[in-house]
Amino acid sequence: MLLALVLVPLILAAAAWAVPSGRVRPWIVPAAGVVNAALFVAVLRFGSGPEAGGWIVLDPLGKLVLGFVTMLYLFCSFYAPGYLSERAERPNRLFCTSMLVFLGAMSLVVLSHHMGLMWVAIETTTLASAPLIYFNHNPRSLEATWKYLLIGSVGIALALFGSFFIAYSALHAGLQSTLLFDDLVREAPLLSRPWLHAAFVLLFVGYGTKMGLAPMHTWKPDAYGEAPGLVGALLAGGLTNCAFLALLRFYMIVNAGGGGAFARRMMVVTGLVSMAVAAVFVVRQKDYKRMLAYSSVEHMGILIIGIGIGGLGVFGSLMHLVNNGLTKGVLFLTAGNIHRAYASKVTDHVSGALRRLPVSAALFMAGFFAITGSPPFGPFLSELTILNSAIGEGRYAVAALFLLFLAVIFVGMGATVFAVCQGNPSEQASATTFRDSFKTCIAPAIFLALALVMGIWVPRPLADLMRAGAAYVEGRP
Amino acid sequence: MDPRIDPLLVIVLLVNFFSLGASRLRTVISAVALQGVVLGVLVVLVHGEIAIRPALLAAGAIVLKGLVIPAMLEKAMRDAAIKREVEPYVGFIPSLLLGALGTGLSLLFARTLPLAPEHAGSMMVPASLATVLTGFLVLTTRRKAINQVVGYLILENGIFIFGLLLVEAMPFLVEVGVLLDLFVGIFVMGIIVNHISRTFSSMDADNLTALKD
């Protein structure tokens, strides 16, 4: 049953490659989104134990992340046919196939409880998403893809190195050689400390590169800036969360092995650095898609700060994983619409979007308020939880810096967003005939509604799942 | 441990220095191919006996790292009509010095990591760390996109050496997955390198500087 979540998208990917018609093919993507969501619901309903000798397991943390990625992909996939019909001039065979392989690989990352298998899955997500970023086939997207592929590959190579270190620490301790996460967490107290620390540094740099934490974030503005908005939403809301999950799995091992304080210190410092870098580059950022990329760097920082503080912060982080992903969905999809309409993504040429594209621009504005932590949206609640835990743990300096960076980023992003949305439509506004339509606005509208719901009332089962996930991460029963 | 392992690791380290100091791209590619073949031989030696699994892995490593990938890189080189220049950002002598420094540091750092009894006195860990660092150096100091791919390949070779310590612990599926991922990764990079040379009519990564803040 669990394996179907990986295999069905791959089979559909082969089908998408085989379909000859470029008009029919894009509809396979939403079909896959629906089938995948149905499969996930079936898994939740009928339960599903470990498969493939404990290599494939759905734990509480996996349920949360996989549930979110499935939902994000479902609504994003509704956006795909509309987008691809706007881009009928470009062949979409590779794009559709990669979209589906990407989905299967993300599910495999979440489900795999085997260090090696998870590594292969993450590498696959990189390879499958490279053609998505290169969709426009112009020099700029080529440069972005090159950086993404090279930096991403080096990152996961280092993660592999770190995984080997962990395996060796088990070998050194004379344990039955195993690469299963559950075994490693159980036997962590016996693992050799120097190897474990060295491993975590490599894994943190490696999967941190994939998450886009500063200073390993340099691929992110380029990739998110040049990729279609749809791809940006999936990368910023889906893939980064998968990389975060990978990092958490290793954090659990190190934490159980007595290196928790060391790992948490690294997380808080890197998280604050990420927020600081985002704050510096968001201010006076003229390119609104690159601005979103820096916002993603910021929020990845927030995620690991929550883990680094611990306690309530872990719960806040898991909540923020959902809220950030939802809001990034709103922002990237509407930014994609605005980009389509103006054929430009710099504020020099783009203004008056509220008149040119009333629905998309309104959603974009609302998304901006949500992501910067304004009530009543979800991110407000999760950021407040993390801030609360920092103060509760007596980490006043962390709390103060956290607030400072949030404020700077609010102002910086605000300037760009208002320049895009307000005023009179610029000359560039008549560059294309693109109009808001149901098929390009429904997905971001759903995401915004969900982000709003998350801010007002977190559904009980979801809150329980987050609590269970937080307990699981911290190794509490 | 087999006494023939350490001399082979010395060859690996020599290839590292050679690829930092050589100016002709073709010879660097050949040297890295040699490194790949040595790694394949190492797989068999580390295992100590001839068995199917290590033999398959060794064959995979030799075919992919020693033949297929170098051939792909040479083809990319021919297609882009590069003659020979490596064109580093950092001169050959400084990068050799950096390589030597990295190798020295690897030796020092490896001493802080405790080894299992059966690996005591082995050069495997420092050789692996030094090769990874060399790969990093090549990756960051060379101008041509194809050179960066070569750097990535050296980096992967370094990690592969470390993997040899774990042949017992690593199930076959993962070993093959790692090789295959490497192959597909290099393959995709090769395609992109081709696009770069067609789009910009040169492979300089210098062309790839339009995106910045």
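Let me begin with a definition: on a 1 Å grid over the protein atoms alone, a pocket is an open set of points with protein on both sides within 12 Å along at least five of seven lines, a cavity is a set where a 1.4 Å probe fits but cannot get out, and lining residues have an atom within 4 Å of a point. Grid points are joined across faces, edges and corners, and a volume is the space filled by probe spheres set on the points. Please note that this is a predicted model, in which local features need pLDDT of at least 70 and side-chain atom pairs count only at pLDDT 80 or more, while totals for chains, interfaces and linings use all residues. Residues are numbered from 1 along each chain as its sequence is written, chains are lettered from A and ligands numbered from 1 in the order in which they are written, and side-chain values use heavy atoms, with hydrogens and water left out.

Which residues lie nearest the centre of the largest pocket? They are A:Gly67, A:Phe68, A:Met71, A:Val322 and A:Leu462, from a lining of 20 residues. The volume of this largest pocket is about 520 Å³. Helices here are DSSP runs (H or I, at least four residues), strands are runs of E of at least two, and both are numbered from the N terminus. At least two lining residues each come from H2 (28–46), H3 (60–86), H12 (312–342), H17 (438–456) and H18 (460–473) of chain A; H3(A) gives the most, with 7 residues. By class, the lining of the largest pocket has 17 nonpolar residues, 2 polar and 1 charged, where Ala, Val, Leu, Ile, Met, Phe, Trp, Tyr, Cys and Pro count as nonpolar, Asp, Glu, Lys and Arg as charged, and the others, Gly among them, as polar.

The structure holds 3 cavities of 30 Å³ or more, and the largest cavity has a volume of about 170 Å³. Its lining comprises 15 residues, with A:Phe164, B:Phe160, B:Gly163, B:Glu175 and B:Val178 closest to the centre. Both chains take part: H6 (139–172) of chain A and H3 (52–79), H6 (145–164) and H7 (172–200) of chain B each supply at least two lining residues. The most come from H6(B), with 5 residues. The lining of the largest cavity divides into 11 nonpolar, 1 polar and 3 charged residues.

Now the chains themselves. Chain A has 18 helices and 0 strands, and chain B has 7 helices and 0 strands. Of the 477 residues of chain A, 66% count as buried, meaning under 20% relative accessible area with a 1.4 Å probe and protein chains only (exposed is over 50%, partly exposed in between). In chain B, buried residues make up 54% of 213.

Finally, is A:Asn92 buried or exposed? At 8% relative accessibility, A:Asn92 counts as buried. This residue lies in the loop between H3 and H4 (93–111) of chain A. Leaving aside neighbours within four places in sequence, A:Asn92 is in contact (heavy atoms within 4.5 Å) with A:Gly22, A:Arg25, A:Pro26 and A:Leu84. Thank you for your attention.
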